[in-house]
Amino acid sequence: MTGLDGHRIRALAAGPNALWAISNEPGGGLLWHSADGVTWTAAHRFEAIRLRNIAVYGDRVYVGAQDETGQGVLLGPDVPAAVGEALTGQTLTPQPTALSAEQLQNRLQQLDRVIADAASYTKGDTQDVLAQAVMPLALSGLSEAGKALSERLQASLPEVTAQLFENAVSEPVADVVQWYLLWAIGLNGHSRIPVELLTRPWTTPSNPREKYWQPAPAAAWAVAQVGQSDTETLAVLVNRLSFAEDPTWLKGDFVGALSALTGEQFGYDEAAWQSWWTKQSALRYSLE
């Protein structure tokens, strides 16, 4: 593709006669246009704003963004009158992109360089740098890639603080790296999540952005995605429901993982989960 070199694309959308994309740049963002998906040109520059998503409806382009105060804004022309009939669609699941053995090793080496380089975390766009590094591995569909991502959960890291969202958020590097690796493993669908990440105590105070990078919620999501339903994992998930310091939304992540892995629907009823697990443990013991 031409025109997009050096730009990190945040989102894409397809219209009847063109493709559209958005990227965040220093001081604002760009709206990109392409008639063929190969040659791209900047159609509009937005000043002092961070672009989040893009959609096309009725041949009209709409961009969701955040202004300098953190408020959400919708940019675009007036919405056509028949909007109630149109905003229906289907969730698109990324399709695996095959990697050769050589390509896999190259991607892993690139990931290792990113993880080990202090500059990956100090320029204010840590989330984009890590996402770009892990995405090809996440979408490869290769079990070898999932295993390699899991091995890097304990990687040696620079002694710096991760700066995210144009330096608006600062978080421990270890938490952010583990979060993105867990996200990639979940998308990949292979490997095993270390259960100790499911037991990490929740110590992060609430923040106005409601953005958190401790690995526990990412680990809960990832075990459900890879189907990790062995005895040890289920026992840890059930026990996690007793953690009094967990906020309700975090408890919901573990309830969701349990429901996905077991098919049971006990919701937030901790006693029901404990009773069910006691019976399951007794049954598994009797069958061994």
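Guide: Three strands make an open sheet here, ordered β5-β6-β7, and their pairing is antiparallel. The edge strands are β5 and β7 (72-75), each of which pairs on one side only. This is a predicted model: local features need pLDDT of at least 70, side-chain atom pairs count only at pLDDT 80 or more, and totals for chains, interfaces and linings use all residues. Numbering starts from 1 along each chain as its sequence is written, and side-chain values use heavy atoms, with hydrogens and water left out.

Visitor: What makes β5 and β6 a pair?

Guide: Two strands pair if DSSP finds at least two bridges between them. Seven bridges join β5 to β6 (residues 60-66), so they pair. Strands themselves are DSSP runs of E, at least two residues long, numbered from the N terminus; helices are runs of H or I, at least four.

Visitor: Which residue of β6 stands opposite Y57?

Guide: R60 does.

Visitor: Why are some residues of the lining of the largest pocket called charged?

Guide: Asp, Glu, Lys and Arg count as charged; Ala, Val, Leu, Ile, Met, Phe, Trp, Tyr, Cys and Pro as nonpolar; the others, Gly among them, as polar. By that rule the lining of the largest pocket has twelve charged, 14 nonpolar and nine polar residues.

Visitor: Which element gives the largest share of that lining?

Guide: α4 does, with five residues. Its run is 126-138.

Visitor: How does the lining of the second largest pocket divide?

Guide: Into seven charged, five polar and five nonpolar residues.
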